[in-house]
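I opened a new structure today and wanted to get my bearings.

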Amino acid sequence: PAATAAEAKKHFTRGKELYEEGDFPGALKELERSYALVPNFKLLFNMGQIHAQTQDYAAALKSFRKFLVDGGDEVPETRRADVLK
């Protein structure tokens, strides 16, 4: 539904704002809320980045793996290569 998509976008936007402010835990929570409403594989990359920046490497690996699996052929080769590094 449109209301769910709008709510997910609101959380995504807030997550980006918090990330830019350096509030990584807050940004992660907002992205997780967005993903729970509308599970878009692209969010998994962002969540993986935040996990890596906060040194939660196990969670980063989990997010990046799910990003590659769920994204499949939609993941651009350059992004796939970055994730595999």
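**Entry 1: charged pairs**

The model is a predicted one. The side chains of Arg80 and Glu77 meet in a salt bridge, 3.8 Å from N to O. Glu77 is exposed, at 58% relative accessible area.

I then searched the whole structure and got 5 salt bridges. One of them joins Asp70 and Lys66, at 2.8 Å from N to O. Both residues sit in helix 4 (residues 57-71), 4 residues apart, about one turn. Asp70 is partly exposed at 36%, and Lys66 is partly exposed at 37%.

I also noted Glu7 and Lys10, whose side chains form a salt bridge of 3.8 Å, N to O. They are 3 residues apart in helix 1 (residues 2-20). Glu7 is partly exposed at 31%, whereas Lys10 is exposed at 51%.

**Entry 2: helix packing**

I turned to helix 2 (residues 24-37) and helix 3 (residues 41-53). Their axes come within 10 Å and cross at roughly 155 degrees. The angle is over 145, so helix 2 is roughly antiparallel to helix 3. The crossing is left-handed.

Which residues make the contact? From helix 2 I listed several, including Phe24, Leu28 and Tyr35. From helix 3 I listed others, among them Leu44, Met47 and Ile50. I sorted the contact residues by type: 9 nonpolar, 4 polar and 1 charged.

How values were computed. Residues numbered from 1 in each chain as written. Predicted model: local features only at pLDDT ≥ 70, side-chain atom pairs only at ≥ 80, totals over all residues. Heavy atoms only, no water. Axes fitted to C-alpha atoms, helices over the stretch in contact; angles between N-to-C directions. Helix = DSSP H or I, 4+ residues; strand = E, 2+ residues; numbered from the N terminus. Parallel < 35°, antiparallel > 145°, perpendicular 65-115°, else oblique. Left-handed = near helix turned anticlockwise from the far one by under 90°. Contact = heavy atoms within 4.5 Å. Nonpolar A, V, L, I, M, F, W, Y, C, P; charged D, E, K, R; others polar. Salt bridge = Lys/Arg side-chain N within 4 Å of Asp/Glu carboxyl O. Buried < 20%, exposed > 50% of the residue type's maximum accessible area, 1.4 Å probe, protein only.
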